[in-house]
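Me: I have a structure open that I'd like to go through with you. Could you take my questions as they come?

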Amino acid sequence: IKPDSFIVRILNGSGEPGAASRIQADLTKLGFHISEAGTAVNAYPTSVIYYTASHELQAKVVQTAFNHSNTTLQENQIASPADVLLVIGASAAQDN
């Protein structure tokens, strides 16, 4: 699966300013199509990758590129209108 063949949203749930923009830049360099980088409403201690129905493989591609331990995958329509939603948690922001 090519990184530019699906749409990814990124939300910062870490509380660390600029985390979403940094991850957006990193993933864009790898060829991902990022539709949005913003701030999550809630705080996340660890990162979560949400994906819409039938996009689990795409979520795994993002998980591999994101490369942070304790990142979980979860099917949930919250990812829509993108195919995959990466919510950056506090543990990942500390790694950067």
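Me: To start, is Phe 6 buried or exposed?
Reply: Phe 6 has a relative accessible area of 2%, so it counts as buried, a word that here means under 20%, with exposed being over 50% and partly exposed in between (1.4 Å probe, protein chains only). Please keep in mind that this is a predicted model, in which local features need pLDDT of at least 70 and side-chain atom pairs count only at pLDDT 80 or more, while totals for chains, interfaces and linings use all residues. Residues are numbered from 1 along each chain as its sequence is written, and side-chain values use heavy atoms, with hydrogens and water left out.

Me: How many aromatic pairs does the structure hold?
Reply: The structure holds one aromatic pair. The ring centres of Phe 6 and Phe 32 are 6.0 Å apart and the planes stand at 80°, so the pair is edge-to-face. For this, rings of Phe, Tyr and Trp (its six-membered ring) pair if their centres lie within 6.5 Å, and planes under 30 degrees apart are called stacked, over 60 edge-to-face and the rest tilted. The pair links distant parts of the chain, 26 residues apart: Phe 6 belongs to the segment before strand S1 (7–12), and Phe 32 to the loop between helix H1 (19–29) and strand S2 (33–39). Phe 32 is also buried, at a relative accessible area of 6%.

Me: And the overall fold, what order do the elements run in?
Reply: From the N terminus on, the order in the protein chain is β-α-β-β-α-β-β-α, with three helices and five strands. Helices (H or I, at least four residues) and strands (E, at least two) are DSSP runs, numbered from the N terminus.

Me: How does the radius of gyration sit against the globule rule?
Reply: The radius of gyration of the protein chain is 12 Å, close to the 12 Å that the globule rule gives for 96 residues, so the chain is as compact as a globular protein of that length. That radius is taken over C-alpha atoms, and the rule is 2.2 Å times the number of residues to the power 0.38. Of the 96 residues, 43% count as buried.

Me: Which residues have the most contacts inside the largest nonpolar core?
Reply: They are Val 8, Ile 10, Val 62, Val 84, Leu 86 and Ile 88, in a core of 19 residues. A nonpolar core here is a set of buried Ala, Val, Leu, Ile, Met, Phe, Trp, Tyr and Cys residues joined through side-chain atoms within 4.5 Å. S1, H1, strand S3 (48–51), helix H2 (56–66), strand S5 (84–88) and helix H3 (90–95) each supply at least two of its residues, and the largest share, four residues, comes from H1. Apart from this core lies another, of eight residues, among them Leu 11, Ala 79, Leu 85 and Val 87. In soluble globular proteins, nonpolar side chains tend to be buried together.

Me: Switching to H2, which of its residues are buried?
Reply: The buried residues of H2 are Gln 58, Ala 59, Val 62 and Phe 66. They cover an arc of only 100° around the axis, which puts them on the same side of H2; the arc is that of the directions from the helix axis to the C-beta atoms. On the other side of H2, Leu 57 and Thr 64 are exposed.

Me: What is Gln 58 in contact with there, neighbours within four places aside?
Reply: With those neighbours set aside, Gln 58 is in contact with Ile 1, Phe 6 and Val 84, where contact means heavy atoms within 4.5 Å. Gln 58 counts as buried at 15% relative accessibility.

Me: Now the backbone: where is the cis peptide bond?
Reply: The cis peptide bond joins Ser 80 and Pro 81, with omega at about 15°. Pro 81 has its place in the loop between strand S4 (72–75) and S5.

Me: What about the phi of Ser 54 and of Asn 70?
Reply: Ser 54 has a positive phi of about 70° although it is not a glycine, and Asn 70, not a glycine either, has a positive phi of about 65°. Ser 54 is in the loop between S3 and H2 and is exposed, with a relative accessible area of 67%. Asn 70 is in the loop between H2 and S4 and counts as exposed at 55% relative accessibility. Asn 67, which follows H2, also has a positive phi, near 55°.
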